[in-house]
Amino acid sequence: MPLLAALQSLPNQFCGEGINHEDQTFTGCLHWQALPGQRALLLHYSASGTDGEILHRETTLLGYLPDGTLCLWPVMDELPYVLAHPAIRQAEGGHGVLEVVFASGPRSLNEHFRQEITIRVEANGQLLYAQAWGEPNGSFEDRSHCRLSPVAGTA
């Protein structure tokens with residue numbers, strides 16, 4: 001099942017616990033919103049520390065490139081620009097798991113900032129939202145992940 005359809009088959013609000021690149025525990029919340037024509041979604045994601053401080057915030061457009069490739073365009077506090085993240089891997093497991101990895105460029109492109117965002121829809125309706133990145137001339141590593149469950153009472 002395509003990721004857009006998989007997300008639209010689930011409630012539109014999720015929250016859960018995660019760990020960021022500084023080993024801080026946080027509460028992550030993701031809310032998706034269908035755009036006109038059902039061809040794209042806006043994903044609103046935030047991570048709050050145990051003291052309520054916002055650690056990360058992003059709004060991401062999830063849609064298709066003209067060639068049919070699924071793509072993310074995240075707008076986040078940490079980056080002064082928007083990088084397209086085309087899907088580079090998609091896997092559907094036999095147990096109802098769908099995982100898509102989006103990348104702003106190859107991990108090996110060491111002279112530039114590069115990032116991967118992984119969205120996994122699990123058979124039980126939970127989501128995994130994970131980010132890996134490398135700064136220019138820095139190592140590329142898994143940095144943050146959050147396991148999200150549907151919020152009761154959401155559509």
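The legends below describe several views of one predicted protein model, beginning with the whole chain and then moving to its pockets and loops.

Because the model is predicted, local features are described where pLDDT is at least 70 and side-chain atom pairs count only at pLDDT 80 or more, while totals for chains, interfaces and linings use all residues. Residues are numbered from 1 along each chain as its sequence is written, and side-chain values use heavy atoms, with hydrogens and water left out.

**View 1**
Helices (DSSP runs of H or I, at least four residues) and strands (DSSP runs of E, at least two residues) are numbered from the N terminus, and along the sequence they follow the pattern α-β-β-β-β-β-β-β-β-β-β. The C-alpha trace spans about 45 × 45 × 30 Å along its principal axes. The radius of gyration, taken over C-alpha atoms, is compared with a globule rule of 2.2 Å times the number of residues to the power 0.38; for 155 residues a compact globule would have a value near 15 Å, and the protein, at 15 Å, agrees with this. Of the 155 residues, 41% count as buried, where buried means under 20% relative accessible area, exposed means over 50%, and partly exposed lies in between, with a 1.4 Å probe and protein chains only. The accessible surface comes to about 8000 Å², and 54% of it belongs to carbon and sulfur atoms; such areas come from the Shrake-Rupley method with a 1.4 Å probe, and for residues only the protein chains shown count as cover. Among contacts (heavy atoms within 4.5 Å) with a separation of 6 or more, residues 24 or more positions apart account for 36%.

**View 2. The largest pocket, with a volume of about 320 Å³.**
Of the 20 residues that line this pocket, His 21, His 56, Glu 78, Gln 131 and Trp 133 are the closest to its centre. Two or more lining residues come from each of β3 (41-49), β4 (54-64), β9 (127-134) and β10 (141-150), and β9 gives the most, with 3 residues. The lining divides into 9 nonpolar, 8 polar and 3 charged residues, where Ala, Val, Leu, Ile, Met, Phe, Trp, Tyr, Cys and Pro count as nonpolar, Asp, Glu, Lys and Arg as charged, and the others, Gly among them, as polar. A pocket is an open set of points on a 1 Å grid over the protein atoms alone, where a 1.4 Å probe fits and protein lies on both sides within 12 Å along at least five of seven lines, and lining residues have an atom within 4 Å of a point. The points are joined across faces, edges and corners, and the volume is the space filled by probe spheres set on them.

**View 3. The second largest pocket, with a volume of about 200 Å³.**
This pocket is lined by 13 residues, and those nearest its centre are Thr 118, Ala 130, Gln 131, Ala 132 and Asp 142. At least two lining residues are supplied by each of β7 (98-103), β8 (114-121), β9 and β10, and the largest share, 4 residues, comes from β10. By residue type, the lining holds 3 nonpolar, 4 polar and 6 charged residues.

**View 4. The loop between β1 and β2, where Asp 23 lies.**
Most residues other than glycine have a negative phi. Asp 23, although it is not a glycine, has a positive phi of about 60°, and with a relative accessible area of 65% this residue is exposed. Gln 24 lies in the loop between β1 (13-19) and β2 (25-34) and counts as partly exposed, at 31% relative accessibility. Leaving aside residues up to four places away in sequence, Gln 24 touches Gly 18, Ile 19 and Leu 55. Gln 24 and Gly 49 are 25 residues apart in sequence, and their C-alpha atoms are 7.3 Å apart in space.

**View 5. The loop between β9 and β10, where Asn 137 is found.**
Asn 137 is not a glycine, yet its phi is positive, at about 60°. Its relative accessible area is 65%, so Asn 137 is exposed.

**View 6. Gly 37, in the loop between β2 and β3.**
At 51% relative accessibility, Gly 37 counts as exposed. Gly 37 and Trp 133 are 96 residues apart in sequence and 32 Å apart in space, C-alpha to C-alpha.
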